[in-house]
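Subject: Model handover and findings

Hello,

Here is the model for your review. Please load it first, then read the notes below.

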Amino acid sequence: MSERSLLSPTGVDIAFTLLGLVAVAAALMVVTTKQIVHAALWLVVSLGAVAGCYLVLTAEFVAWMQVLIYLGAVVVLLLFGMMLTRAPIGPSEELTGANRVVSLFAALAITAVLGVLIVDAFATTMIDIDGQKSTASVMGASLFRYWVLPFEALSVLLLSALVGAIALSQSDEEA
Amino acid sequence: MTSSWLLPALLVVPLLGALAMLLAGRGAERWATWFGVGVQSAGLLLTLLVMAQFSQTQSGSMQMVVEHSWIPELLVDFRIGVDGISLPLVVLTSLLGWCAAVYAVRRVAEPGRARAFVGLLLLLQVGMLGTFMALDLILFFLFFEVVLAPMWFLIAFWGSGERRRSANTFILYTVLGSVVMLLGFLVVIVETGSADMVALANGLGAQMSTSAQLTAALLILGGLAVKTPMWPLHTWLPDAHTAAPTVGSVLLAGVLLKMGTYGMVRIVVPTLPDAMVSIAPYLAAFAVIGILYGALASYGQDDLKRVIAFSSVGHMGFVLLGISTLSVVGINAALFGNIAHGLITGLLFFVVGGIKQRTGSTAFADLPRSLYASAPRLGFLLGFAAVASLGMPGLAGFWGEFLALVGAYHPLVPERLFYRVLLVLAAMGMVLAAAYFLKVLRRVGQGPAPETLLDDVATDEWLSWTPLVALIVILGVAPFLLLQVTEPAVRVVVESVAGALP
Amino acid sequence: MTAALLMVLVPAVAALLGLLLGGMSRPLAAAIAVGGTASALGVALYLALLEPWAEPLIGTGFGEGTLPLGATVVDGLASTVALMVCFVSLLVQIYSIGYMREEPRYSSYAAFISLFTAAMLAVVVAGDLLLLVIGWEVMGLCSYLLIGQRWEQEEARRAAVKAFLVTKIGDIGFIIGIVVLIGATATTLLPDAVRAAADDPTVATVASGLILLGVLGKSAQFPLHAWLPDAMAGPSPVSALIHAATMVAAGVYVVARLYPMYLAAPAILTAMAVIACVTMLGAAVIAVVQDDLKRVLAWSTVSQLAYMVAALALGARDAAIFHMLSHAFSKALLFLAAGAVIHAVGSGALRELGGLRRSMPVTFITMTIGLLALVGVFPLAGFFSKESVLVAAEHAAHGDAEVASWVGWTVLVVSILTIAVTAAYAQRLWLLTWSGPRRDSSSGVREVPAVMFVPLVVLVVPAVVFGFSALERAWLPTWIQATVTEPLGTAEALRPEVATVVLSVVAVIVGAGAALVFRHRETFARGRAGSFVAAGFGFDAVYQGLVVRPFLVVVGWVTAFDRSAIQRSVSGVGVGTLRAGSLLQRPYRGDVQRYVSSAVTAVVVAIVVMLVAIAT
Amino acid sequence: MTIQSIDLLTLSPTLVVAVGALLALVAELVTGRGQVALGVGLTALVVATPLAVLASGEQTLCNGADAACAYVVSPLAVALQLIVLVSTAVVLLMASGDVSDGTIPGGEFVFLILCSASGAVLVPATTDLVTLIVALEVVSLPTFALVALRRGEPRAAEAALKAFIFSIVSVAVSLYGISLLYGTTGVVSFEQLAAAATLTDPTPLGTAGLVMVLAVIGFKIAAVPFHAWAPDTYQGATAPVAAYLSVVSKTAGFAALLLVTWTFAGWSEVWAPVVGVLAGLTMLIGNAVALKQRHAVRLLAWSSIAQAGYILVPLGAVTSSVVWGPEVTDAVIGYLVAYAAMNLGAFAVVSVVARRDGAESLADYRGLAWRSPWLAVSLAFFLASLAGLPPGLIGLLVKVRVLVVPVDAGLWWLAVVMAVATVIGLAYYLVWAALLFARSETADDEGLTHRLAVRSWTSTVAVAVCVALTVAFSLAPSLALGLVDRL
Amino acid sequence: MHLSLPLLLSVSLFGIGVYGLLVRRNAILILMSVELMLNGVNVSLVAFDVYWADVLHAGQSMVIFVITIAAAEIGLGLAILLLLFRARRTIAIDEATELHEEAS
């Protein structure tokens, strides 16, 4: 792959950049919208765009996992959460807290620092996309050849989260 | 063959006694104090055996050494032994412990907690004896710390006046000192790779670089100076003494202060000779300031116990001066001064405790006058102890101070003229000491004829105090009895310093 | 255990027994005290029989390895003075039995006197510098205890403390002197130390100068003399023994004992001479205007001691010792007689005395002889001893002594003047006490009991006879001249010379005459009590201002500094930590978002700092 | 395609604990009594302990020739696993009282604790960053549920929420750090990362990644910037859960720190200063704020923050002269073992007194010595050990062992800060000890004594075990200081 | 394709998540912000995995694990939030401050 500066993008670059911009815009809306339900919906858009990015990056299995679990389970859970905690439908003012300036400064600082580091480290490096296919079978093979231990550990994690959630939701009356 | 079970026995007996007191049920309240006397008497007996077996000719070398490894990771071996320097202090501790136990038989402040009181005294005894016997740096530090908790409890729960605040100042100040000392020890251990005091003393310590020696010496001296106490690190002493119960003050002044100076002679002088040679003049200067400051401050005090506390600052100033001369005469004087101060101030605090018990207070404002008439024997003992404490030749107090002056005339360090100026200033301290003690005798002992008579010295008080009075006179008239024991050991210490002299 | 040490220990043991058992009954206490002193006198006599002047008895001490203590030396000088000390102590103990009949705490009084005797004997026979220091300081302690015997009275308490502290100031010089001596000559044995010091002039000057400080304190010479007149608050027998015969003379004895060192330091000798002259004349003049019987005698003692110091300054050690012995007997006699008068009349103020000649005949006769001996009338002891001093002054004036001739001339002139003034106050004392109209207060006065006037009579004998013993064939010169530190030369007798005799007789006549002339002046009896002179030329005010007040100011500073500065710094640290604790505690108000924001910021800061650190 | 060869014996400690959790849950469902679940849990832990010791030096889940195994049990790891297992057992003993009187549902409690414990056992044996993060997550997730599982205490939810949010933020930051490290080196396994770190100098990105990885570790051991949650969470939770958080979850954090610092020993000039500064801040802030505490559990929380500072000191003192090795790890493990015994003991007594007398603030402990002398004496003994004052000998010895490392490295400021911190620390332990023995003014001594009867025997056993451990360590300190060489 | 493109995306997602975390008062929105941060991490991991063409697919496996962890956390997080809501009728973070330091 010839070294090409950032400015002469190929088709892949253009697609990725578009999807990326969509994801970032949606994310911005998530953290700034006045309406709590809109935030959830913007989250769906953002995660979808990220899934698209994975596809561009040939991480096919991960993309589907993202769509299935994040969009399917996590966001739905969040919506349920909003319903159960009787979140107001219309715009409600007091969603953003008081120390806005400090938080902005902290967020910008961490983004700026990491951004500078990344650009400085990988400004000219390219990814060789064609020739790589991380399909479900490839990922399945590597998962069960190299990553069995974390996989098993996760099963314990999920089970404990399950039991914990159930125990907590039992109201105080019954034993 | 010096039997080597004696020294561990000397530590284990009070330890078991303390545990017994901890585990004893409420029924033990009645015989707790008698049990204390029994354990301390056993300790005294063992000490006499140790003295019998101790060969005076080789008092320079460690005897009855017991040694087996305890914590290899910290280079800590349970190594204890006795030589000319530590034997007198061990004997002093056993004796004062016994006198304290006898005195406490019927005079425990809180009747309900006799078991705890005796248990703490015995734990204190273990800590004190252990400190004087330890031959391993960290072991010395551990025993040095074992003493703190019991003394804190004694002051906080059996004391008087603002006992809680004084107890806290005491323990926090001393712990800070001992932690600083620990840093010094660690520097030595890290530099030389060994924690064995005997090996460090004859040569291993001297191999350290001068800068490392200086840091270690300053840290260790800083920690020990808090305990001595050296001016200006002395502020905890008056509060601790005023608040402590009688027995607490006796052991605090009689033995705890000696750990500081003993540490200097046993650890700092032989192990860090180069540093000691450069620090000695400053130590001497602080010592003499302490002498004058202690005397002047005690003249201005309004409480009998505070007067004695500041007098201790003065006396320990002389001991420090003796050490700072780094000469055989000087260090001998320091060790003699240690023992003498222990006996005399111990007796003084006992007598003041007796006065407090009879009159209810030690503040000059409300102490009745003319004790000579209201309780003649107690008055005589107060007079005797005061005279001994102001350094009257013929009594033990004088030799520590006089020989320190002789030592200061010929210090081993080059700054000879500076030491002679200090010698004159220190001698002036003697007249100031006379001034404040005579003021005490005039205020407490003399005065218009008293209306009411106080009950005079009781039998258990006589029993507890006579050994001290006898020893003060014996050591006063025949100082060579003690000096012959310490001389060879001091000579060994001084030889290891002499190598570092320019 | 040499005989000398035995002589020291016997009274010491008697003191201990007296304290332990004396409380039971007065007779027992008296028996122990008198018995102890008597046996000490016996041992002293035994020592004298061994002719110590021919060959001195050296006793080695204990603890030879580290600190040798208890070495003793008995030579001619020591045994003579020891005899004098035991003799006078015995008489005082006997006298005190009567004198202290009504006083409380007799047993401790008698015990302390025995302890004092032991201490004095320790100084006399001290063969090593340490025993010397022990004796020297214990004497000071006994003087403090005995002056404070009647501590119910305020002035007794103040006098006792003043005595101890003033002498202690001198003793500091003494101790430093001993330290220098031991340090320089690396031995604690007195004879060797003195011989070594004599060879090195700087050490000799420094050591003798410092030791002189202690001597000035104990022998109440200017400027450390202020304590002796106040010491009269103590019982009279105490004044007789300690403040007339023994302790105050110990200073002179010590200088005599270390004499070769002093001879090697002419500067110190000159200083001694000057101090002696000032004290001699000053004290005599003050004595004339005193209004109390014992205070006159006290100032007289200060003046007479100056004679001895002057003799020492002029290189005449034998004359000084001779005068010390004769003065001991006569002044002891005078104090005991004064004690008898006070015991009988009830007060020592000269205003209340007068016309007691008929009611107290024995005291009258003995006191008159004492006064005559004090003034130095022929044939009494005072005459010969004072003459020997004047002769020494005359020789020094002709320039054949170690000091400059002008020193000799000044001493001679001042001595003559003092003889005149002494005669004046002796005459005044005699007139006011014995002659003149009988006061009403002294109506019922009767003679003191036998136990008190017998010692007076006994003391008259040496006051009269002792003078002749110094002449040609007599024993005294050979005795006191033989000391360990000096080779035994030919002991030339202490003969008076015609010129000095004439001068002194004229001075006596002039002084006594002046007193007779002014006897009817009303101030004669009362004396200018409150006046500047009577108060010792205002020296007390100076002492108070220069020493006591600054000391109290410094004490105030130190106590304030200790209570405030250091105390606050310690508790300050404690309070500071607590305040830091509450400061650090404030941010934790429970809002988890604020916690997280500080955590994230901390991470960012850490990253930036480490990036910079890695870059450099 | 070869499946990784699994040697069950080496994996057994983690498996036994996990299975034990399940069995406990089932047992409670079947018998309906919480105590049975506790029994099952305890047996699982007791069985796992010898297995852990047996597995020392083994490794499993290796794949293929280059034998890069996923689960490696070094002696260091075994020591940490032992601490986790024994401490969890003691926590279960402590909790029996709360379970029997209904404040905590028995079955779920034991299940969650054992799940977390199995994660904690797994952490020291991991060999790559991925498994490490997952294991840490397995340890901390159940604890939020445990904190919230406190009937009758509305503030428990708030406590759990605070811990939860702190955890997910720090995990997110650490994950990002891991991604950066993966990005710069292309590998995640510790061996390969270590090789990369020794070869190359620290790159800017690598530095940032490493610092961010320390975030989750900071949260687990409650070191300074990530400590704010601890006091509130401990106060909100029940005493046994707080004990579990302060000991087992902190041990897991230190296991992760040891692994990360071993891996990046080559880049020690990056993490050593950060850890050193954090140690200093943690000690000073922990001790200073603890001075002001009036609530018993909050004081213990701040005290455990301060103690974490002491344990960080040896790692903070790693320099060119003092390299990552036994001298540093023995100090950390030694202090951790002693800290576990002392801290659990203190929490055990506090849990008994809290449940029996409803004692919340320190004032309620006034005169405890008169009501129950044995509890008071053992609490005083634990406080003395935490302060490093004899008779609490082991507390002092481990502090000495920790102090040796900065002195050897010549890091004077760290040694002095620790010395000062110990003295400040002594102050508040003393205040509490004084209260225990003070004469209680309030006349209602009798009121409290009758409730004494309710005490359950298992919590006494918990206190007794802790006392026995601390005394054993005091008498034979090389049990703690030399634990790793023994395994 | 340039590696820095996905990395920039991941950094911005991460930054926005941090901002949302620190500024939003509603707990659920905070959870959402954390999801964004985790997605930022996932993008970065995938990018590096593809860049290094890692045989072990460490990056992508890790992403799968992260997604699972996120799911578990959201589940438990909501359970805690509901518990809090039941107790205090509000899930605003800055009102959940009952546990705090009393200035004594």
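In which loop of chain B is the place of Leu326(B)? Leu326(B) sits in the loop between helix H13 (304-324) and helix H14 (328-359) of chain B. Helices here are DSSP runs (H or I, at least four residues), numbered from the N terminus.

Some ground rules. This is a predicted model: local features need pLDDT of at least 70, side-chain atom pairs count only at pLDDT 80 or more, and totals for chains, interfaces and linings use all residues. Residues are numbered from 1 along each chain as its sequence is written, while chains are lettered from A and ligands numbered from 1 in the order in which they are written.

Most residues other than glycine have a negative phi, and most peptide bonds are trans. Leu326(B) has a positive phi of about 55° and is not a glycine. Leu326(B) counts as buried because 25 C-beta neighbours lie inside 10 Å. The cut-offs: buried means 20 or more other C-beta atoms within 10 Å, exposed means 12 or fewer, and partly exposed lies in between, with C-beta atoms placed from the backbone.

Thr58(A) also has a positive phi, near 60°. Its loop runs between helix H2 (36-56) and helix H3 (60-84) of chain A. Thr58(A) is buried, with 20 other C-beta atoms within 10 Å.

Chain B has cis peptide bonds to check. One joins Thr228(B) and Pro229(B), with omega about -15°. Another joins Trp231(B) and Pro232(B), with omega about -10°. Pro229(B) lies in the loop between helix H9 (210-227) and helix H10 (236-243) of chain B. Pro232(B) is in the loop between H9 and H10 of chain B.

**Chain contacts**

Contact means C-beta atoms, placed from the backbone, within 7 Å. Of the eight pairs of chains in contact, A and E share the most contacts. There, 62 residues of chain E meet 74 residues of chain A. On the chain E side, H3(E) gives the most, with 21 residues. That side has 45 nonpolar, 13 polar and four charged residues. For the classes, Ala, Val, Leu, Ile, Met, Phe, Trp, Tyr, Cys and Pro are nonpolar, Asp, Glu, Lys and Arg are charged, and the others, Gly among them, are polar.

Chain E also touches chain D, with 35 residues from chain E and 31 residues from chain D. H3(E) again gives the most to the chain E side, with 16 residues. That side divides into 24 nonpolar, six polar and five charged residues.

Chains B and E make no contact; their closest C-alpha atoms lie 19 Å apart. Chains A and B do not touch either, with nearest C-alpha atoms 36 Å apart.

**Helix pair in chain D**

H3 (residues 75-100) and H4 (residues 106-122) of chain D have axes that come within 10 Å and cross at roughly 170°. Axes are lines fitted to C-alpha atoms over the stretch in contact, and angles run from 0 to 180 degrees between N-to-C directions. H3(D) is therefore roughly antiparallel to H4(D) (the cut-off is over 145 degrees). Residues in the contact include Leu85(D) and Leu92(D) of H3(D) and Phe109(D) and Ile113(D) of H4(D). By class, this contact has 12 nonpolar, three polar and no charged residues.

**Trp457(D)**

Trp457(D) is in helix H19 (residues 457-475) of chain D. Trp457(D) counts as exposed, with 9 C-beta neighbours inside 10 Å. Its C-alpha atom is 13 Å from that of Val99(D), 358 residues apart along the chain.

Best wishes

How values were computed
Helices (H or I, at least four residues) and strands (E, at least two) are DSSP runs, numbered from the N terminus. Angles under 35 degrees count as roughly parallel, over 145 as roughly antiparallel, 65 to 115 as roughly perpendicular and the rest as oblique. Two residues are in contact if their C-beta atoms, placed from the backbone, lie within 7 Å.
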